[in-house]
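Please keep the sequence and the model in view while reading.

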Amino acid sequence: MPVSVADLLAEPSLRLRALSSHCHDADRRIGWVSTTELPDPLPFLRGDELVMTTGMLERDDAGWTRLVERLAELPVTALCFGTGLVHQEVPPAVVETAERTGLALVGSPVEVPFVQISRWVADRIFAERYDAVRSAVTLQDQLVRELLSGHGLRGLLRRLHRELGAGPVAVVEQGGRVLARHPASSHWPESARSGADGRAPEGTSVPVMVDGVPVAELRTRRPTPRQDILSFATSILGLEVARHQAVLTGRRELLGQVLEDVLHRTVSDGDARRRLASYGLAVDGPHTVVVARVGGDPARLRSLPWTLGPLLERARDRLPTALVDDSVMVVVPDTADAGAAAGTVADHLSMLDPRVRVGVGEPRRGVSGLRLGYFEARQAARSGPGVHRAAPLSIAGLLMGNLDLPLRELGHAVLAPLLHHDEAHRAELVTTLRSYLSHDCSPAATARELTLHRNSLRYRLRLLEQLTGRDLGRLADRMELWLALTALDADPAGAPPEE
């Protein structure tokens, strides 16, 4: 229990006496002790002290009145006036002002030195703080046991609810979805950042951090002074999430290795079925492939928990989910809604990249359908941020989506002479080639679109043949240039190979 003025008065060895009617107020708690004989002790006080003085400095009634008024205004917890050394009795101005300003005033006889009072208070304060630390350590141990036991997150929340006395508690995702709560019947607003009336919530909220990134919030309905306990709870919760994230990432990578072998045909279809079945993935029935890609370092897909639900429940992914190359791949059976699954993936990954790109393939059967669905979804994901359904997959699109083929690099290598010429001379040879091929190599249609004289068009076509070493009269060369342009359009920011 905190040390109060009433405790001082109740200790017989100190022989203190109450000199104002405010000494027995329940909130008169002593934070520390300060002994002073200074003319102005206020700059050296912070409040909540028991200030002790013998009144050695001579003051008139006005001086004592000003000092007591300032001590009450700070405020200090109490003033202890020692008598028998300088003053035989406490000056009346001190007693009257303490009573008027609400300051607790106690008298101390000369037989009891101030050091005895200071030591008694210090011992009580240290004992109180030791009890608080021991209680906190015990509670922290209980929280860890709840989390690591079979009770898991719900056990942790139940213990916090019991100990904090701050009403219901919950773990809320950054987007506002409540992942767990106690009591289970408690109601929480839809938004993690505001209450139902649009105002900021009144409770306490502490972020759950993983790898320096806030992934959720631990919230109480009402404010709590036990911020230390909440902070500890979020720390162990973040460590537990990171631990299970490593396990879940391992599962996704193992499945990803199997799928990579299947997608790149390094195993037979029969072997592929057997290996996929060991992961609970039966591909003979209809299934839809969802592929998601995020900007920046793909390693974030492995280090940050973008699916908190399974992690907190210590469960597997609800749908087969794998890390393939630089993407997330989800195989959705026909019993589940592929569009809803794609939206869920987009919501989860938006924590890593608000412009996450998600592609959804067509429902297909078998191992070959799995391969085709992957490249369909991967091509659809290149359409931009958000969720995109696959368009009919062209051979060119399939080639561009195959990471084993360096088509982008080869395309830049083929068109490098034209790109360099256009940049050096502010010419439009690449534009001319694109228009010429898109108009089925018709000079008249190309000249009309580019608003060029036919002689100027012929000059450009001869120049690009000289620069590329290709003959536009040969079908094979036209196909190669068309694929190179397709590769350039697929990766316009890519730099041509170094010369």
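Where is the place of Val110? Val110 sits in the loop between strand S5 (104-109) and helix H4 (114-148); helices (H or I, at least four residues) and strands (E, at least two) are DSSP runs, numbered from the N terminus. The model is predicted, and local features need pLDDT of at least 70, side-chain atom pairs count only at pLDDT 80 or more, and totals for chains, interfaces and linings use all residues. Residues are numbered from 1 along each chain as its sequence is written, and side-chain values use heavy atoms, with hydrogens and water left out.

**Cysteines**

Under the rule that a disulfide is a pair of cysteine sulfur atoms within 2.5 Å, the count is zero disulfides. Cys23 is in no disulfide, and the nearest cysteine sulfur, that of Cys80, is 10.0 Å away. Cys23 is buried, with a relative accessible area of 0%, where buried means under 20% relative accessible area, exposed over 50%, and partly exposed in between (1.4 Å probe, protein chains only). Cys80 also counts as buried, at 0% relative accessibility. By contrast, Val110 is partly exposed, at 44%.

**Cavities**

A cavity is a set of points on a 1 Å grid over the protein atoms alone where a 1.4 Å probe fits but cannot get out; lining residues have an atom within 4 Å of a point. Grid points are joined across faces, edges and corners, and a volume is the space filled by probe spheres set on the points. The whole structure holds three cavities of 30 Å³ or more. The largest cavity has about 100 Å³ of space. Its lining has 14 residues, of which Thr36, Leu38, Thr53, Arg59 and Leu67 lie nearest the centre. Strand S3 (49-53) and helix H2 (61-73) are the elements that give two or more residues to this lining, and H2 gives the most, with three residues.

**Backbone features in loops**

|---|---|---|

Arg426, a residue other than glycine, has a positive phi near 55 degrees. Arg426 belongs to the loop between helix H13 (407-425) and helix H14 (429-438), and is exposed, with a relative accessible area of 80%. Asp440 is not a glycine either, yet has a positive phi of about 55 degrees. Asp440 lies in the loop between H14 and helix H15 (443-450) and is exposed at 67%.

Conventions. On a 1 Å grid over the protein atoms alone, a cavity is a set of points where a 1.4 Å probe fits but cannot get out, and a pocket is an open set with protein on both sides within 12 Å along at least five of seven lines; lining residues have an atom within 4 Å of a point.
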